[in-house]
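Let's take a walk through this structure together. Have the sequence and the 3D view at hand.

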Amino acid sequence: MFCRWILGLPLMAVVLLGQQYPFVPVANSPKNIERILQDKQGRLWMSTHDDVLCFDGTRFFSLREFGLPAELVTSLAEDLDGGILSVSERGVYRFIQGRLEHVVSDLPVYDIIAVAPGLLLAAVYSSPANPSTSVWLYRIRAANGLWKAERLANWEGGVNLSRDTTGAILSVCPGGWCELSAKLIADWNPGYSGAPVFHRSQQDIQRVVRDRFGCVWFRSIEAGAYQCPGDAEPVRLPAAIAGRNVWSGEVENDDGSMLFA
């Protein structure tokens, strides 16, 4: 079930909308889809247990045809240059203008997000064999036709990254959640004194998203909450609405509503 919430400012009324469009089955679509991404051109990208496929509205094509290894993709993203990023324990692959490039190898990336053109932020397990260990943040940037990955100090984050309308990257971090400005990520060097902005929280958080109205949405597998400017504390969503979702999924739609699976 999909639930859509709209917070109307300044009254902060919450409205639950029902299903408005029919479900349309797509012939020859894959059966073991893990992730789905819609790019700026409207194409759908789907990762399966061993492939990434694109559906342009009429046909599917596979990135295996372009050299993508048969492996489980943990995250799909679109960068700010229109490249499609697929990440796995082998690193990061990027598909752009009909070619596939291996951005970084031997870096067990779990999630990735675009920060600026030619600049990415990745969440990497410190020990891939033990997902309960800490998550490190890596900057990945293009320079002179090559990509370079650098760990950002000793900053820890969560495996789910989001970007707000200012370009800041939001992440769960030990004891709460953190935000990293695009400038902080771009300017960082080993002697840099800046650090992420830390927000302490008692919430059980696996994902944090800030919408266009400045409201911060918190999501875990079992629960959800939001906190808008002026709220003294987060407002919990009813359990029947937040539901259970193993990915702790939440996304802001183009009309400003929030979508939960």
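We start at Asp51, which sits in the loop between strand 4 (44-47) and strand 5 (52-55); helices (H or I, at least four residues) and strands (E, at least two) are DSSP runs, numbered from the N terminus. This is a predicted model, in which local features need pLDDT of at least 70 and side-chain atom pairs count only at pLDDT 80 or more, while totals for chains, interfaces and linings use all residues. Residues are numbered from 1 along each chain as its sequence is written, and side-chain values use heavy atoms, leaving out hydrogens and water.

Asp51 is buried yet lacks a salt bridge. Buried means under 20% relative accessible area (1.4 Å probe, protein chains only), and a salt bridge puts a side-chain nitrogen of Lys or Arg within 4 Å of a carboxyl oxygen of Asp or Glu. The nearest side chain of opposite charge, Arg64, is 4.7 Å away. Beyond its neighbours within four places in sequence, Asp51 has contacts (heavy atoms within 4.5 Å) that include Met46, Ser62 and Leu68.

Now turn to the sheets. Strands of a sheet pair through backbone hydrogen bonds, either parallel or antiparallel; here, two strands pair if DSSP finds at least two bridges between them. Six bridges join strand 11 to strand 12 (residues 119-125), and Val109 has Val124 as its bridge partner in strand 12.

Within it, strand 20 (residues 216-219) and strand 21 (residues 224-227) pair over four bridges, and Phe218 stands opposite Ala225.

Conventions. Buried means under 20% relative accessible area, exposed over 50%, partly exposed in between (1.4 Å probe, protein chains only). Lys and Arg count as positive and Asp and Glu as negative; His and the chain ends are not counted.
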